[in-house]
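Take a first walk through this structure.

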Amino acid sequence: MTEHDTKIVAYAHPERLVTTDWLAAHLDDPDVVVLESDEDVLLYDTGHIPGALKLDWHLDLNDPLSRDYVGGERFAEVMGERGIGRDTTVVIYGDKSNWWAAYALWVMSLFGHEDVRLLDGGRAKWVAEGREMTTDVPEVTPTAYPVVERDDSRLRAFKDQVREHIGRPMVDVRSPGEFSGELLHMPDYPQEGAMRGGHIPGARSVPWARAANEDGTFRPREELEAIYLEEQGLAPSDDVVAYCRIGERSSHTWFVLTHLLGFEKVRNYDGSWTEWGNSVGVPVER
Amino acid sequence: MAVDERADLPKGMAELAEDFHAVSEKERLQLLLELSQELPALPERYAGHQEVMERVDECQSPLFLAVEVVDDAPRTVQLFFDAPAESPTTRGFAGILRESLDGLPAEEVLAVPDDAPYRFGLADAVSPLRMRGMVGMLSRIKRQVRLRREAIDAEGRA
């Protein structure tokens, strides 16, 4: 077992994370579909892991009209046109330390897709190791993915629920400047997307990046426990809400708490600051 | 899009916008990718000198921008951009603005409507949220052009 494998088996749900070695050995596995999910919508087109397909968080997973995720029918199309079945092992990787990959994994979890994993270290690690990249887009035989209704009750928090939640564990994973509200003061420049700066009262500031190593891989379990359990005083049985600006960085923290540390009830508030900071009458702390 | 909706754009920009509208949404992304690949490297005076460039925070990925206004009669604008290869969309937006505005008189750059980034049919192809970066670049270019032209005019009067 490599050092990397040893790190992974120590996590609460080690089956949620794969190494670049594992992925390289499974590229031709018919039961595995690899998806690239990036912040940059064109990055996949510049070159990607052989056999990987693009899954764009905005174009594929968000509803084009209302601010919400796609419904069961559209989700089934998105999965089916990528050759994914309900039993397929899906491995997602992406840029920016897997923010968008974690976000896509979280949305797939809302639809209850059982076996969906992240590539530890994401796109950057694969590239840094000099592994093969290609611009060839694979041909896919579409599958019939079942229409499953999204279950927002367990993993997702809405504004009113967050308001009720004030006083209980809440993690703000944005940068310190966004947490303090300083980043909104930029005269002459386009707004950052919120009318008010600051954070939800009582939220703890734990920037998402603290869970990641320099190379984008996740920190080992004991280091994560030192941050979230010892320093922040959270417990795996706690009811926790995580948020950021639009829910992507908090998906990363949601993944860490849920799958790496085994927290039982973590919800991602995807409305995040772009909703809270624009809402009338909600409390804001600075 | 009707032709007159591009009537208030500078000629080069209107032509480029027309190119984007002439193709399918998928091909539009390809066009954007090509522009990102054609974005020229920085000249020596800027290479490795991000501190003298302006950082465009509205972009999802860091983009650095330098604007020069030449001390000639038309006050010619020159644009320089720097963004990493891992940010092809940001580079593509920069490519559109460079292709459209580099070498134009300051007056024409300042007259570019602020919603020009939305005239390329890209909002649906890349998502409206991602368009903020190009809007930010354009507003910062215009601001710098205004400041630099004023500086040259003031020097001329002194």
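Contact here means heavy atoms within 4.5 Å. Keep that cut-off in mind, and remember that this is a predicted model.

Start with helix 4 (residues 99-110) of chain A and its meeting with helix 9 of chain A. Which residues meet there? From helix 4 of chain A come Trp99(A), Ala102(A), Tyr103(A), Leu105(A), Trp106(A) and Ser109(A). Helix 9 of chain A answers with Arg249(A), Ser251(A), His252(A), Trp254(A), Phe255(A) and His259(A). By class, this contact holds 7 nonpolar, 4 polar and 1 charged residues.

Now look at the geometry. The axes of helix 4 and helix 9 of chain A come within 7 Å. They cross at roughly 65 degrees. Angles of 65 to 115 degrees count as roughly perpendicular. Helix 4 and helix 9 of chain A are therefore roughly perpendicular to each other. Their crossing is left-handed.

Helix 9 of chain A (residues 249-260) also meets helix 8 of chain A (residues 221-231). Here the axes come within 11 Å and cross at roughly 115 degrees. Helix 8 and helix 9 of chain A are therefore roughly perpendicular to each other. This crossing, too, is left-handed. On the helix 8 side, the contact is made by Arg221(A), Leu224(A) and Tyr228(A). On the helix 9 side, Thr253(A), Val256(A), Leu257(A) and Leu260(A) take part. The residues of this contact are 5 nonpolar, 1 polar and 1 charged.

Next, the charged pairs. Side chains of opposite charge can pair when their charged atoms come close. Over all chains, a search of the whole structure finds 38 salt bridges. One of the pairs is Asp120(A) with Lys7(A), whose closest N and O atoms are 2.6 Å apart. Asp120(A) lies in the loop between strand 5 (116-119) and helix 5 (122-128) of chain A, while Lys7(A) lies in helix 1 (residues 3-9) of chain A, so the pair ties together parts that are 113 residues apart in sequence.

Finally, turn to chain A and chain B. How many residues does each chain give to the contact? Chain A gives 21 residues and chain B gives 26 residues. The area buried between the two chains is about 1,800 Å². Carbon and sulfur atoms give 56% of that area. Across this interface the rule finds 1 salt bridge. A salt bridge joins the side chains of Arg130(B) and Asp56(A), at 3.0 Å from N to O.

Note on methods:
Residues numbered from 1 in each chain as written. Chains lettered and ligands numbered in written order. Predicted model: local features only at pLDDT ≥ 70, side-chain atom pairs only at ≥ 80, totals over all residues. Heavy atoms only, no water. Axes fitted to C-alpha atoms, helices over the stretch in contact; angles between N-to-C directions. Helix = DSSP H or I, 4+ residues; strand = E, 2+ residues; numbered from the N terminus. Parallel < 35°, antiparallel > 145°, perpendicular 65-115°, else oblique. Left-handed = near helix turned anticlockwise from the far one by under 90°. Nonpolar A, V, L, I, M, F, W, Y, C, P; charged D, E, K, R; others polar. Buried area = accessible area lost by both parts, 1.4 Å probe. Salt bridge = Lys/Arg side-chain N within 4 Å of Asp/Glu carboxyl O.
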